[in-house]
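I opened a notebook on this chain and looked things up one at a time. The entries follow in the order I made them.

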Amino acid sequence: NRDTNSFSMRNQRKAFFVPLLAVGILLLLEYTVAGSSSPGTASLCVVMGYLLGLALIISSYGFCGHWRIFIRYRRGAGIRSQMLTIFVANLLFAPLLTHHGSTHYRGDVAPVSSGTLFGAFCFGLGMQLADGCASGTVWNVGVGMWNGLLAMLFAVIGSVVGTQQFMFWFTKLHRPPVSLLLSKGALVGILCQFGLCGAVVGLTLLVEYIQYRGIAELDAWNQIVQTTKTSETSLSSSFGDNSYDASLHTIGNNSTNTTPAGDTNFKSSTDHSVNGTTDGTEVGQSGSYGTFALPSYCGRYYTKVPLLHSVLSFLKGTDIGVWYCGGVCLAVLNFCVVLVQHHPWGVSSAFALWGVKVLESFGYESFKNWGYWKMPGMFTDNIFHHKTSMMDFGLMCGVATFALWRGNFAKSPQPVGVRQASGAALGGFLLGYGCRLALGCNIGAYFSSLASFSVCGWVWFVFAMFGSIVGVKLRPWFAMVEGCGGACGFEKLGHAEDGAEV
């Protein structure tokens, strides 16, 4: 009930400018406290983080939730949207990385070691218990969720512990970094990435078809086309109206989905609380935060072209379509991040830095003798010159702005209890610990790594998926609220029976 929320929607809308003010303060600090005399890269990172936060929350794009939906319900549209995001980023990154090489722009190409394997497994397990990946934990902090704040605290602790044990894991089974782009050439590298992404897409399609005898995207498209043929005239006159949404948004809508009878795994997306999952960048939240509607004047143009009508309806009227659009936006924004800071987007390295800065403030400086902090670029004296930290702060402000505007700030779907808090704490610790051993999280070691043609990214993906399978099995132990919600857009297509869970 909206009356039980921390703030009324009206009061939240009055406060939506606060994150914008925070961005201004961060920019000011970068120039004054940090002593920057020219337009600083860290300042641009704040802006890029803000835009990334808006892109994530508006598109409900995610990692943790998409993986969990595939594991529990055998629905792979979210993972397929990730493969599209990665391949689009490959096409954008390739000219920069091949033209300038490592002298100007560099990708996230890391070596493979036992730390990669064990760290990825810990991260995958932890993000399912913490209800969010690294970027999702930052999201959850930005929108004021209690479990996100707790997970962030323990992620910082886990990251510090991970840096202390980093060299133990890094030196075992160590293999040098391999870039498919630089080792095989541009054409072969792109073809290899296309084949690997295609293999993942094919696997998810096969699993989904065996389970449902259908594919989510095709079923959504068929319903859109059918609706277009039967109600083209009425849509033209009522475009942008609630009646349009009610008649058209049948797959993954944010207004009219209903819960199948007897299905306890799904919630109706008419519930204005955050649906089921709380990964800030994960699925199931367009029912909460909504997506932007196309202007009403577009109706008289696009209804005259049935195919264009159907395409725009699919992209705007289904969560699946919004995920694909959001993924392309993230690929473009990550490319812009490379232009700004000369290497791709990362999130989790800031956690460890924040932790040791706290230790340093209490006079503990022996961490500087740890092998991790002796590596170039890991330690920064001034946190306002740390690009990843500034980008994380900007991301928090971006999601907070939109959450306040939509009146959904400080609304966690997880009930407050000892078991839920234990899960968030354990998950956060494993998440932070794993991302330091593997030198990255779902962004740095997965998205940006694969966008940079790194073989290490594929290794991380496999072991993180294994960890997520274990994490999904452990969620009931911590009384985690389950179900992807009506906004997942799958209840109209049929849902997994008990035998579909892993």
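**Entry: a paired arginine and glutamate**

I began with R80 and E208, whose side chains meet in a salt bridge at 2.9 Å, N to O. I then asked which elements hold R80 and E208. R80 sits in helix α5 (residues 77–100) and E208 in helix α11 (residues 186–212), so the pair ties together parts that are 128 residues apart in sequence. I checked burial next. R80 has 4% relative accessibility, so R80 counts as buried. E208 is buried too, with a relative accessible area of 0%. I keep in mind that this is a predicted model.

**Entry: the other salt bridges**

I asked how many salt bridges the count comes to. The count is 8. One of them joins the side chains of R68 and D131, at 3.4 Å from N to O. I placed R68 in helix α4 (residues 64–73) and D131 in the loop between α6 (114–129) and α7, so this pair ties together parts that are 63 residues apart in sequence. Both R68 and D131 are buried.

I then looked up K357, which forms a salt bridge with E360; their closest N and O atoms are 3.5 Å apart. Here both residues lie in helix α18 (residues 349–361), 3 residues apart, about one turn of the helix. I noted the general rule: an α-helix has 3.6 residues a turn, so residues three or four places apart point the same way. I also checked the accessibility of K357. The value is 18%, and the cut-off for buried is under 20%, so K357 counts as buried.

**Entry: the nonpolar cores**

I turned to the nonpolar side chains. The largest nonpolar core has 82 residues. Those with the most contacts inside this core are W67, F123, W345, F351, Y446 and W460. Helix α3 (residues 41–59) gives the most to the core, with 10 residues.

I found a second, separate core of 10 residues. F166, F170, V356 and W370 are among its members.

**Entry: an enclosed helix**

Why is helix α7 largely enclosed by the rest of the structure? I found that 9 of the 9 residues of α7 (residues 134–142) are buried, so the helix is largely enclosed. The buried residues include W139, N140 and V141. After α7 comes G144, whose phi is positive, near 75°.

**Entry: the largest pocket**

I asked what volume the largest pocket has. The volume is about 890 Å³. Of the 35 residues that line this pocket, R106, D108, H343, M378 and L439 are the closest to its centre. I listed the elements that give two or more residues to the lining: α19 (371–374), α20 (387–406) and α22 (442–451). The largest share, 3 residues, comes from α22. I sorted the lining by type and got 18 nonpolar, 13 polar and 4 charged residues.

**Entry: positive phi away from glycine**

I noted the background first: most residues other than glycine have a negative phi. R213 has a positive phi of about 55° although it is not a glycine. R213 is in the loop between α11 and α12 (216–238). Is R213 buried or exposed? At 59% relative accessibility, R213 counts as exposed.

F453 also has a positive phi, near 70°, and is a residue other than glycine. I found F453 in the loop between α22 and α23 (455–474). F453 is buried, with a relative accessible area of 0%.

**Entry: the whole chain**

The chain has 23 helices and 0 strands. Of its 502 residues, 56% are buried. I then took contacts between residues at least 6 apart in sequence. Among these, 82% join residues at least 24 apart.

Key: Residues are numbered from 1 along each chain as its sequence is written. This is a predicted model: local features need pLDDT of at least 70, side-chain atom pairs count only at pLDDT 80 or more; totals for chains, interfaces and linings use all residues. Side-chain values use heavy atoms; hydrogens and water are left out. On a 1 Å grid over the protein atoms alone, a cavity is a set of points where a 1.4 Å probe fits but cannot get out, and a pocket is an open set with protein on both sides within 12 Å along at least five of seven lines; lining residues have an atom within 4 Å of a point. Grid points are joined across faces, edges and corners, and a volume is the space filled by probe spheres set on the points. Helices (H or I, at least four residues) and strands (E, at least two) are DSSP runs, numbered from the N terminus. Ala, Val, Leu, Ile, Met, Phe, Trp, Tyr, Cys and Pro count as nonpolar, Asp, Glu, Lys and Arg as charged, and the others, Gly among them, as polar. Buried means under 20% relative accessible area, exposed over 50%, partly exposed in between (1.4 Å probe, protein chains only). A salt bridge is a side-chain nitrogen of Lys or Arg within 4 Å of a carboxyl oxygen of Asp or Glu. A nonpolar core is a set of buried Ala, Val, Leu, Ile, Met, Phe, Trp, Tyr and Cys residues joined through side-chain atoms within 4.5 Å. Contact means heavy atoms within 4.5 Å.
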